[in-house]
Every structure is written in structure tokens, then in C-alpha cells.
Amino acid sequence: MIPAISIELESYLTNPSNNFIELTLEKCINLGLQNSINIIRDKNTLELTGYDILKSYGNFLPNLALQIGNNYTYGNNYLTTTTPTYVNTSGFFGNLSISSTLNLFNGFADISALNTFLAKKDSDKFSLERAKQIIAIDIIQNYLQITLDSNMIEIAAQNLQEYQTREKLLLAQTNLGAKSIADLYLQQAQTSLAESNLNTLKNKMRNDEIFLLKKIRLDYQKNYKFIPVKFQDVLQDTNQISEISLISIALSKRSDLKSLQALKNVAALGIENAKSTYYPKIDFTVTAASNAAYVNNQVVNGNNISYSSQDQYPNQFLSNIKYQFLINLNWTIFDKLATYGNENQAKIKYLQTKIDENDEQQKIISEVRSEYGNYKLAIQDLESSARVLLASKKAYQVMSGRYKVGSASFIDLITSQSALEQAEYNRSKSLINFLMQKWNLKYVTGELQN
């Protein structure tokens, strides 16, 4: 049974109760996704695109504008509509208008813009999904390394305990003259090396734990216990997967490829949007307007005009309403080749996205083939490491028995034990490597779940 992995920082000195926060692989992935700056940034980008879509929908709706004005006027006017007349007027004059304009046709620009932002949102979604997968596989790799560190420490601790036990036995046997003093010295050297190796492994695991805590942005001043990944039925889960089927899955599921395909759609819609200015723009406008006036004094050709009564402002606005219905067509016949240039620029961008898509497909194929080879090698390592471990155990058992009866030297004994120790290390590495390759296959095929 693999012991739980723990990290103890400076808070241990101030926390004698030694309470640990348990962390599993799944929890670390969730924390990494939750606290990642890149994920937060990509989510904000997706939200901004959502508002662009909302604004694009708004372009299909009519606008509504209200204009109210009021002014005080004083001075002469020279009117020549009939008999030339000088009019001197002072008073208050107001106007009010409400208008609404609906675009009937603009060369499909609004439709193209809406579809562009919808495709852009799809691209942002796929980019966010791939960003999550990148963070997840990075955390998985770091977490499996910590699990490997734990296994290596367990093996090193067991070997150190055996070395210490044998050293005590050799010391007693040497004092009795039953064993050579050289054997004792060699064992003491082996014990010291094993102790140094154990301390090195512990320090490495501590650094790996700190590195993972940094990635998932947790407080270093707390104590954490990393629950190792379990290895149940690892050997039985070595399904032979077809390389061709993996490539097919990757090309259909990789979110970074889907993101580029969505951007290709954005570029294609950009061509339609650029061509929209070839067409006329037709707007329909409805306006309701009214005005009112309150004259303080008015002199016409030197004669003072007096008003016995004047309607109040509100009544004038209500009684002077005028309605206007307007259809306006605006068509730029020649725009100095601006539309022609924009259209060809959009076409070049579209061709570039097709090149990017093809390049990404080739990249994905090469990644899948490479990881498939690593997966096959990991399976072979599982099988060979099991055979080597079994043979090393038997060799050490035989050599240990021979040394006890004096038919083998101490050099033969520690050599066989070192071989067994290395076989145990390699077996642990092969198990972790196989798990990592399984995750890598899911990552390169786009099947890694967040």
C-alpha cells in the first residue's frame, strides 16, 4: 500500500496539530482550472464575444430617437415670400420630434456580421476547451511525478532499513570474527549512500509538491496531503488501439483544430461582409414632429402686432403634429476601389486560414503517431520491467542464501541487491509512465475530459 504523500512547510512549526488538507488528482485539476489566469482570460474573451453577438442582433431592430429643443429668439428677419417685409420678433420657440429608422437592406452586411460573431464565439469556446486540456495534462504530469517520488521513497526507505539491519548484524559478526571487517566497511558505505539517496528523493518530492501548489495557486503556508494515484488493473488495461483510428478520432475531436475551422468560417464570412458595400443601402424612416411658440413682441414693417391670447406650449405641441414617412436609398457607385481592396484582402485571409487548418491537421497527425509509439513502448516496458523485477528478486534470494552459507562474497550480495533496487525503481517508473502515456493519448486525440 502506497503511503499518502504530504508536504510540510513552515506552518508546521505554528501548527502542532498537524492538520493536512487532502488533495486528489481530480481536485488539483479542478483547482488549476479554477485559478488559472489563462482560463479566466479566455472566459472573459468568450463573454465579450457574446456581447458582440447581442449587438449584432440589435442591428436588425429599428432605432428610436427623441429630440426636444427650446430657444429664445430676438432680432430682425427680412422676408421676401410675398411683399418684402421686415419682421422683428422676440419670444420662445420649441420643437419636438420622434423618429425611428429601420434598415431594409444593406447588402447582407448585418447577417454576415452576426454569423461572423457566432463563428467567433465557437472558436473562443474551442480555444477555452483546449486551454483547459493543456492545464489538465500539465497538472496530471506533475501529480504523477509526485506519485512516482512517493514510490521511490518507499523503495529507498525499505532498502535503507534492510541495510541498517544487516550493518548491525555484520558488526556483531565481525566482533565475533565470523565475518570480514571489509564486509562491514562496505555495508556501512552502502548504508550511508542509501540514506543520502533517501534524503535526496524526499527533497525532490518536496520540490515537486511545491511546484504543483504553485500551478494550482494554493497557499504554501498550509499543510497538504497528496493522495497517490491507484494502480488497480493497470496491466489488464493495455488495449491494442489502432493508430489509424486514433488519428481519425483526433481529427474529429481536437478542439484546437475546431477552433481554427471556426476561424476559417469567420474569414469566409469576412468576404461576404466586404462585398456588402457593392450593394445599395435602403432605410425606412418614420418621423413625428411638432413645434410651439410664445411671442413676447412682434413688429412688422414698424407696426407693433399684439396678440390677445396665445395657446399654451403643451396644447401647441399636441395640435401641430406632422408625420413623415421616408424611404431612403443610398448607393455608392464608385468608392475609389475601397470595396474591391477589402474583398481581396478578406479572400487572402481566408486562404491563410485554410493553410493554418491544413498545417494543424498535419501537426495533430504527427503528435498522435508519436504518442502512439510512446504508448506501445510503455506497454513493452510494463512487461519487461515485470520480468526483470521477478528475475532480480530470485537472484537476490539465491545470492542472499549463498552469502549466509559462505559460498558467495559480500560484493556479490550487494550487487544483486542493487540490481533488485534498480529493478523496483524501473518497475515503478514503468507503471507511472504507462499511466502518463494513457493520459497523453487522450490529450492528443482531444478526448481528455476537464
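**Helix packing, cores and selected residues**

Phenylalanine 108 sits in the loop that joins β4 (85-105) to α4. Helices (H or I, at least four residues) and strands (E, at least two) are DSSP runs, numbered from the N terminus. This is a predicted model, in which local features need pLDDT of at least 70 and side-chain atom pairs count only at pLDDT 80 or more, while totals for chains, interfaces and linings use all residues. Residues are numbered from 1 along each chain as its sequence is written, and side-chain values use heavy atoms, with hydrogens and water left out.

**Loop residues**

- Most residues other than glycine have a negative phi.
- Phenylalanine 108 is not a glycine, yet has a positive phi of about 65°.
- Phenylalanine 108 is partly exposed, at a relative accessible area of 48% (buried means under 20%, exposed over 50%, partly exposed in between, with a 1.4 Å probe and protein chains only).
- Arginine 217, also a residue other than glycine, has a positive phi near 60°; arginine 217 belongs to the loop between α5 (181-216) and β5 (224-226).
- Serine 309 is in the loop between β7 (303-305) and α8 (313-319), and is exposed, with a relative accessible area of 60%.
- From C-alpha to C-alpha, serine 309 and arginine 387 are 115 Å apart in space, and they are 78 residues apart in sequence.

- Two packed helices are described by the angle between their axes and the distance between the axes.
- Axes here are lines fitted to C-alpha atoms, for helices over the stretch in contact, and angles run from 0 to 180 degrees between N-to-C directions.
- The axes of α4 (residues 109-176) and α10 cross at roughly 165° and come within 10 Å, which makes α4 roughly antiparallel to α10 (angles under 35 degrees count as roughly parallel, over 145 as roughly antiparallel, 65 to 115 as roughly perpendicular and the rest as oblique).
- By class, 19 nonpolar, 9 polar and 6 charged residues make up the contact of α4 with α10 (Ala, Val, Leu, Ile, Met, Phe, Trp, Tyr, Cys and Pro count as nonpolar, Asp, Glu, Lys and Arg as charged, and the others, Gly among them, as polar).
- α9 and α10 pack with their axes 7 Å apart, at an angle of about 160°, and are therefore roughly antiparallel to each other.
- The contact of α9 with α10 has 23 nonpolar, 11 polar and 8 charged residues.

**Serine 416 in α10**

- Serine 416 is part of helix α10 (residues 410-444) and counts as buried, at 10% relative accessibility.
- Apart from neighbours within four places in sequence, serine 416 is in contact with Ala395, Tyr396 and Met399 (contact means heavy atoms within 4.5 Å).

**Nonpolar cores**

- A nonpolar core is a set of buried Ala, Val, Leu, Ile, Met, Phe, Trp, Tyr and Cys residues joined through side-chain atoms within 4.5 Å.
- The largest nonpolar core has 57 residues, and Leu23, Cys28, Leu212, Ile216 and Phe226 have the most contacts inside it.
- Elements giving two or more residues to this core include α2 (25-35), α3 (37-58), α6 (243-253) and α9 (338-405).
- With 17 residues, α4 gives the most to this core.
- Another core, of 10 residues, lies apart from the largest one and includes Leu170, Leu184, Leu413 and Leu420.
- Leaving aside neighbours within four places in sequence, leucine 23 is in contact with residues including Cys28, Tyr143, Ile216 and Phe226.
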